[in-house]
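The following exercises concern a predicted model. Please examine the sequence and the structure, then work through each task before reading its solution.

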Amino acid sequence: MGPKKRKVLTAQPGARERGSGLSVELQPGLGQAEEPEHRRQQQLLPEERPVTSVYFNKVAHRRLSSGFFTRPCVTLAKEFLGQVMVRKFTDGSEVKGRIVETEAYLGGEDQASHSRGGKQTARNAAMFMTPGTMYVYQIYGVYFCLNVSSQGDGAAVLVRSLEPLQGLHTMRQLRSKRRREAGKPLKDHELCNGPSKLCQALDITKTFDRGDLTTATEIWLEPGPEEISASDIVSTSRIGIGYAGEWVNKPLRFYIKGNKCVSVVDKDAEKMND
C-alpha cells in the first residue's frame, strides 16, 4: 500500500485557538511557513519600521475589551498610560502609538468638564454613553481632540500625547497637511505630543465621535507589554483650563515620567513624586 500520505492542515478563516485559555483568531493559511518578521521589516521603508521604545520592547496583539474601560475616570486615565493606540486606514496600513499622557474630566462638579453640572447636549452626548465610547470635539473650528468615556455620568479621559511606534512616515505626511511648507521638519517626538497633534497624525476627525473603541474597525487600543508602575506616573494640573476656578490646580493630568513625547513637563510635580 506504500507509505501513508501526511495530511496538511491549514487554519481556516475565523478558526480560534483555545489551548492557552485565550481566544485568538487565526489567520487563513496555505500550509506554508509564514515569512519571518525580520524579512518583512526589511521590506519596509526605514521610517515605516516600528520604533523600539526605551520603555517597552515587546509587541501586543490583543484589543482591549469593554471591561478595561469600565473604571472610574481617574483610574482609567492612569491605566491608559502605556497602552497602544492602533489606527487602521482603508488601504489596510496601520499606525501605532503608545499613550504617554492623559487628563481626567470627571463631569458633575468638575468645572473644566464639558459635562459639568450634569449638562448633556448633542455635542457631549458621548460622555454619557457606555465606557469606551469616543468623544471627539473640535477646538478653534479647526482641530480635534479625542476623549474616551469612563464610569460616571459625563466622565471621560482626554488622550493627550502618544509615543509614535509605527507608521511615522504616514503620521508625518498627515501632520504636514496642517503646517506651513517653510516649517521645520517635525522630529519623531513632536508628531503626537499634544491632543490635536495626535488627532492629525492619526487622522481622527468628528466622524469618530460616539464610536466604540471595543468594536471599531478603524481604531482600537491594544494592551501595552508592560505595566506602568505608580512611581513612573506624574500627577499634575491639567492644561488650558484657566476658567475652571478651584479645579485649575487639581492633579488630574497624568504622564509617564521621563518620556520625551509628553506635551508639557512639570518638574516641580516630578520632584514631589520622587
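**Exercise 1.** Identify which residues form one aromatic cluster, and classify the ring pair of phenylalanine 68 and phenylalanine 69.

*Solution.* Step 1. One aromatic cluster is made up of Phe68, Phe69 and Phe80.
Step 1. Across the model, the count of aromatic pairs comes to four. For phenylalanine 68 and phenylalanine 69, the ring centres are 5.2 Å apart and the planes stand at 90°. Planes over 60 degrees apart count as edge-to-face, so this pair is edge-to-face.
Step 2. Phenylalanine 68 has a relative accessibility of 9% and therefore counts as buried; phenylalanine 69, at 0%, counts as buried too.

**Exercise 2.** Determine how the rings of tyrosine 135 and tyrosine 137 are arranged.

*Solution.* Step 1. The centres of the two rings, those of tyrosine 135 and tyrosine 137, lie 5.3 Å apart.
Step 1. Their planes meet at 40°, so the pair is tilted.
Step 2. Tyrosine 135 and tyrosine 137 are both buried.

**Exercise 3.** Describe how strand β6 is paired with β5 and with β7.

*Solution.* Step 1. Strand β5 (residues 134-139) pairs with β6 in the antiparallel sense, over six bridges. Within this pairing, valine 136 is opposite leucine 146 of β6.
Step 1. The hairpin of β5 and β6 has three residues between the strands, and tyrosine 140 adopts a positive phi near 55° there.
Step 2. Strand β7 (residues 156-166) runs antiparallel to β6 and is joined to β6 by three bridges. Here asparagine 147 faces leucine 158 in β7.
Step 3. In the hairpin of β6 and β7, six residues lie between the strands, and glycine 152 has a positive phi near 100°.
Step 4. Strand β6 (residues 143-149) is itself mostly covered, with six of its seven residues buried.

**Exercise 4.** Find which rings the charged end of arginine 238 and lysine 250 lie over.

*Solution.* Step 1. The charged end of arginine 238 is placed over the ring of tyrosine 105, 4.6 Å from the ring centre.
Step 1. Lysine 250 lies over the face of tryptophan 247, 5.2 Å from the centre of the ring.

How values were computed:
Residues are numbered from 1 along each chain as its sequence is written. This is a predicted model: local features need pLDDT of at least 70, side-chain atom pairs count only at pLDDT 80 or more; totals for chains, interfaces and linings use all residues. Side-chain values use heavy atoms; hydrogens and water are left out. Buried means under 20% relative accessible area, exposed over 50%, partly exposed in between (1.4 Å probe, protein chains only). Helices (H or I, at least four residues) and strands (E, at least two) are DSSP runs, numbered from the N terminus. Two strands pair if DSSP finds at least two bridges between them. Rings of Phe, Tyr and Trp (its six-membered ring) pair if their centres lie within 6.5 Å; planes under 30 degrees apart count as stacked, over 60 as edge-to-face and the rest as tilted. A charge sits over a ring if NZ of Lys or CZ of Arg is within 6 Å of the ring centre and within 35 degrees of the ring normal.
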